[in-house]
Amino acid sequence: MDNVLHNVKHRYCGMKTKFCYTSISSILLAINPYEYLPIYGDDVVRQFKKAADNGRLPSDRPHPYGVSARAYMRLIQRKKNQSVIVCGESGSGKTETTKKLLKYLAVTA
């Protein structure tokens, strides 16, 4: 657990650009930054869409758009329903994260 916390702290506090997401296998771990981060624009949607169209999502850039893209790709490829679970404590950003997941699907599907 210490490694996970260290990684999250480093990605958010120790880098020039703040990253509030870290992935562990297919799990996306998020911290609520309580501030606007310029990582949700249409240009970012297009980057993830282009990567998904090429069949290779960015593994170095954990993001809700990547989760949505992966779920949609698997829906199409496997022809089976997919689920995304968003959980956390009150005020942790579940609703905002769900909006980002749905934005990607609404724009690209």
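Thr-22 finds its bridge partner at Leu-29 in strand 2. The strands concerned, strand 1 (residues 21-24) and strand 2 (residues 27-30), run antiparallel and are joined by 4 bridges; pairing requires at least two DSSP bridges between two strands. Within this hairpin, where 2 residues lie between the strands, Ser-25 takes a positive phi near 60 degrees. Strands (E, at least two residues) and helices (H or I, at least four) are DSSP runs numbered from the N terminus.

The model is predicted, with pLDDT of at least 70 needed for local features and 80 or more for side-chain atom pairs, while totals for chains, interfaces and linings use all residues. Residues are numbered from 1 along each chain, and side-chain values use heavy atoms, without hydrogens and water.

Turning to the helices, helix 2 (residues 42-53) packs against helix 3 (residues 64-78) at an angle of about 35 degrees, with the axes 10 Å apart; axes are lines fitted to C-alpha atoms over the stretch in contact, and angles between N-to-C directions run from 0 to 180 degrees. Val-44, Val-45, Phe-48 and Ala-52 of helix 2 meet Tyr-65, Gly-66, Ala-69 and Met-73 of helix 3, contact being heavy atoms within 4.5 Å. These residues comprise 7 nonpolar, 1 polar and no charged, with Ala, Val, Leu, Ile, Met, Phe, Trp, Tyr, Cys and Pro counted as nonpolar, Asp, Glu, Lys and Arg as charged, and the others, Gly among them, as polar.
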